[in-house]
Amino acid sequence: MRQSTAPPAVRPGAAHRTAVLAVMCLALAVVVGMLASLLVAVPDMARDLRATESELQWIMNAYGVAFAGLLLLGGALGDRYGRKGVLLTGLALFALASGAVVPTDDVDLVIGLRGLAGVGAALVMPMTLSIITNVFPPDERGRAVGIWSGVSFGSALLAVLMAGGLLEAYSWRSVFVANAGLAALALVVAAILAPTSKNAEPIRLDVVGALLSVVGVGALVFGIVEGPESGWSDGAVRTGFAVGAGGLAAFIGWELRSARPLLDVRVFRIPGVAAGSLVITAESIAMFGFFFLGLQYLQQILGYSPMRSGLALVAMAVGAMIFSPAAPAFARRCGMRAVMGLGMALIAAGLGLLAATVGGGGIWPFLASTTLLGAGIAFAATPATEAIVTALPPEKQGVASALNDLTRELGGVLGIAVLGSVFNTTYRSDTGDAVRGLPPEAAEATRGSLTGALHTAAELGGRPGAHLADAAREAFAAGMTNALLGGIGVVVLGAVAAVGLLSHRHR
């Protein structure tokens, strides 16, 4: 990508910049917190809506697919029509879609509304970072991005605590009420304080590219999620993989030929951009897979309440928020390769510790592993984010920040889909013997999720029920262990590839 030679825009004073940063972090916390807070509510939603493990993944991933697929278009809309207007539109759509879930009992409708909220989030998230990078001068931008990165992760864990508190007193629907209310608050504050900025030259929107990206990502996720339940040789699953691969290939081909691409894929020839994208994608795959399964583990295996489950993740939030602002200074002193490598090694160590103890280690190994994960994310993600956003000129910061967000959200979608499917495949296989002799409906409920298995065990009662519950818990632990090992593999491969790219840049 070409670098801008235009003089920098006039920027507001220090106090105003700080206020803008706070407002953008509030808006960011709303859209990130929705995904995280819902992870705590998954067990309650499974019981109330009688949702299978596959449906639970779709409740999470409908949001993520729309979010990830439309992030680049959201960034381009802000560059063309004004970042503040797009931000406010996204917050309004997010609030309305979240509030509409409250009276809903139909799983399919919940999934659809989650997708609509994801569209709103795709308009919000890239605007927060692009507004920050336009407001702050280069010498302050690294610290501001570090704070943004810390809030991006730390707000997710604070949202887990909020959701846990709500679930102690109310139903899972209260989580959607709270998120709709926070989005409305962010809308009002942003309308008052957020500055207006856009590209000086109007650009043509790449709608075809946006549609191809959504089709490609959505179809790929469909195949990954439905594979364990329908069978990997099922025609619909195979079609999902074929359409996903074809859609993503068509997206790349279209972007290479387009005069005004939504994403100039040639930017990945820049080692720093490619390495940063790999690091963020890999760590997001591992972390979102961990969140999806870890919170179920705390509540359904260790028997923790939603609030206690949230408190179990506080150490991770503290570590991430403390080290994220300091990570850019470490990167300047020790080099980006060393800091990213350290961060990914800490993430792998945290996942490995949990995988080794998930069968009966209790809460202390869990806390130790989450502490390692929080520190690892701080050192891996912050310099990776700065590497991406500084690669593009100021007038393209909407797309630059959307690229950073895309790697993060795509990693989150794939984490829940891929590691969730590794878990689901193992769980369904390991409960095979336990469901023999059960009525077909009870057997399918048991294979569908641990919640269904425990419900069936309670109905059976006595020794048969206790045997079924123990077998289901053992299958859950085995599935989670395999998923965590898969996460370690992803992190290691991402780290090796990223360090290799950065080493090549310095030759």
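The legends below describe close-up views of a predicted model.

**View 1. A salt bridge between Asp-48 and Arg-173.** The structure holds three salt bridges, and one of them pairs Asp-48 with Arg-173, with 3.4 Å between the closest N and O atoms. Asp-48 belongs to helix α1 (residues 14-49) and Arg-173 to helix α6, so the pair ties together parts that are 125 residues apart in sequence. Asp-48 is partly exposed, at 44% relative accessibility. Arg-173, in contrast, is buried, with a relative accessible area of 15%. Side chains of opposite charge can pair when their charged atoms come close.

**View 2. A salt bridge between Arg-173 and Asp-105.** Arg-173 also forms a salt bridge with Asp-105, and here the closest N and O atoms are 2.5 Å apart. This pair links distant parts of the chain, 68 residues apart: Arg-173 sits in helix α6, and Asp-105 in the loop between α3 (83-100) and α4 (107-135). Asp-105 is exposed, with a relative accessible area of 55%, whereas Arg-173 is buried at 15%.

View 3. The side chains of Asp-470 and Arg-473 meet in a salt bridge, 4.0 Å from N to O. Both residues lie in helix α18 (residues 462-505); they are three residues apart and therefore separated by about one helical turn. An α-helix has 3.6 residues a turn, so residues three or four places apart point the same way. Asp-470 is partly exposed at 43% relative accessibility, and Arg-473 is partly exposed at 32%. Elsewhere in the model, salt bridges that share partners join Asp-48, Asp-105 and Arg-173 into one network.

**View 4. A nonpolar surface patch that includes Leu-193.** Val-188, Ile-192 and Leu-193 form a nonpolar patch on the surface. Together these residues have about 280 Å² of accessible area. Leu-193 lies in helix α6, which covers residues 173-193. The relative accessible area of Leu-193 is 35%, so this residue is partly exposed.

View 5. Ser-98 is placed in helix α3 and is buried, at 1% relative accessibility. Its side chain reaches the backbone oxygen of Phe-94 at 2.8 Å. Not counting residues up to four places away in sequence, Ser-98 touches Met-34, Ala-117, Phe-176 and Ala-180.

View 6. Helix α9 (residues 271-301) contains Glu-283. This residue is buried, with a relative accessible area of 3%. When residues up to four places away in sequence are not counted, Glu-283 touches Met-344, Ile-347, Ile-377, Ala-381 and Arg-408.

View 7. Leu-313 lies in the loop between α10 (306-311) and α11. At 2% relative accessibility, Leu-313 is buried. Leaving aside neighbours within four places in sequence, Leu-313 is in contact with Leu-157, Val-160, Phe-290, Phe-291, Leu-295, Phe-366 and Thr-370. Leu-313 and Thr-371 are 58 residues apart in sequence, and their C-alpha atoms are 8.4 Å apart in space.

**View 8. The buried residues of helix α11.** In helix α11 (residues 314-323), the buried residues include Met-316, Ala-317, Gly-319 and Ala-320. Seen down the axis of α11, the buried residues fall within an arc of 165°, so they line one face of the helix.

**View 9. Helix α17 and the residue just after it.** Helix α17 spans residues 450-460. Leu-450, Thr-451, Gly-452, Ala-453, Thr-456 and Ala-457 are buried in this helix. Just after α17 comes Gly-461, which takes a positive phi of about 70°.

Conventions. Residues numbered from 1 in each chain as written. Predicted model: local features only at pLDDT ≥ 70, side-chain atom pairs only at ≥ 80, totals over all residues. Heavy atoms only, no water. Patch = residues over 30% accessible without salt bridge, like charges linked within 9 Å, V, L, I, M, F, W, Y side chains within 5 Å. Areas by Shrake-Rupley, 256 points an atom, 1.4 Å probe, with all protein chains shown as cover. Helix = DSSP H or I, 4+ residues; strand = E, 2+ residues; numbered from the N terminus. Buried < 20%, exposed > 50% of the residue type's maximum accessible area, 1.4 Å probe, protein only. Arc of directions from axis to C-beta. Polar contact = N/O pair within 3.5 Å; in protein donor to acceptor, adjacent residues only side chain to side chain. Contact = heavy atoms within 4.5 Å.
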